[in-house]
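Trainee: Can we go through this model together? I would like to cover helix packing and then the pocket.

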Amino acid sequence: MRTLIGGIGYRNLRDHSAAFAVLDRLEQEDLGQHVVVEDTSYNPIALGQWLDSEPAERRFARIVFVSAVNRAGRQPGEVVSYRWMGTLPSRDGIHQAVTEAVTGIIALDNTLVLGTYFNAFPASVAVVEIEPLAHEFGSDLTPEVAAAV
């Protein structure tokens, strides 16, 4: 049973690069042959096409996405994890996600919506979000986000 751990974010954008700090750490671990650690920050439609192109015997049984996401009411460095339930927005919301994807916006929410809409995901999708603080160019994380990683 294969598992994909995918990071979504922007490299060199301070705390919004937290997913890559997590991926870098995981790549140093022996997670076994059935775990794939991957930068999944590219176009959500292309991600869905990659997932769909895998032969049946190599398809992922579960996906864990890691991302730094600003959400109201959270403290910097707060970690929240949940199962993605596959609830889609309205048709306008789906259209907005497609528009943002094809114009190069990298966002966890777009990836979740489009992967679900195009039936590219397995039944088990989990999300780990880290609340970012700094949003400027740079490679170092704030102390709060570094502690979360």
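Mentor: A definition comes first. A crossing counts as right-handed if the near helix is turned clockwise from the far one by less than a right angle, and as left-handed if anticlockwise. Keep in mind that this is a predicted model.

Trainee: Which hand does the crossing of H2 and H4 have?

Mentor: Take H2 as residues 44-53 and H4 as 108-117. Apply the clockwise rule to the pair. H2 passes H4 in a crossing that is right-handed.

Trainee: How is H2 set relative to H4, roughly parallel or oblique?

Mentor: The two axes come within 9 Å and cross at roughly 45 degrees. Angles under 35 degrees count as roughly parallel, and 65 to 115 as roughly perpendicular. The H2 and H4 angle therefore makes the pair oblique.

Trainee: Which residues of H4 does H2 meet?

Mentor: H2 brings Pro44, Ile45 and Leu47 to this contact. The residues of the contact divide into four nonpolar, two polar and no charged. On the H4 side they are Asn110, Thr111 and Leu114.

Trainee: How are H3 and H4 set, roughly perpendicular or oblique?

Mentor: H3 spans residues 91-102, and its axis comes within 9 Å of that of H4. The axes cross at roughly 115 degrees, and the crossing is left-handed. The range 65 to 115 counts as roughly perpendicular. H3 and H4 are therefore roughly perpendicular.

Trainee: How many charged residues does the contact of H3 with H4 have?

Mentor: From H3 come Ile94, Ala97, Val98, Glu100 and Ala101. H4 answers with Asn110, Val113, Leu114 and Tyr117. By class there are seven nonpolar and one polar, and the charged count is one.

Trainee: Now the pocket. Which strand and which helix each supply at least two residues of the lining of the largest pocket?

Mentor: The largest pocket holds about 170 Å³ of space. Of its 13 lining residues, the closest to the centre are Ser67, Ala68, Ile106, Ala107 and Leu108. The elements that each supply at least two lining residues are strand S3 (60-68) and helix H4.

Definitions and conventions:
Residues numbered from 1 in each chain as written. Predicted model: local features only at pLDDT ≥ 70, side-chain atom pairs only at ≥ 80, totals over all residues. Heavy atoms only, no water. 1 Å grid on protein atoms, 1.4 Å probe; cavity = no way out; pocket = protein on both sides within 12 Å on 5 of 7 lines; lining within 4 Å. Points joined across faces, edges and corners; volume = space filled by probe spheres on them. Helix = DSSP H or I, 4+ residues; strand = E, 2+ residues; numbered from the N terminus. Axes fitted to C-alpha atoms, helices over the stretch in contact; angles between N-to-C directions. Parallel < 35°, antiparallel > 145°, perpendicular 65-115°, else oblique. Contact = heavy atoms within 4.5 Å. Nonpolar A, V, L, I, M, F, W, Y, C, P; charged D, E, K, R; others polar.
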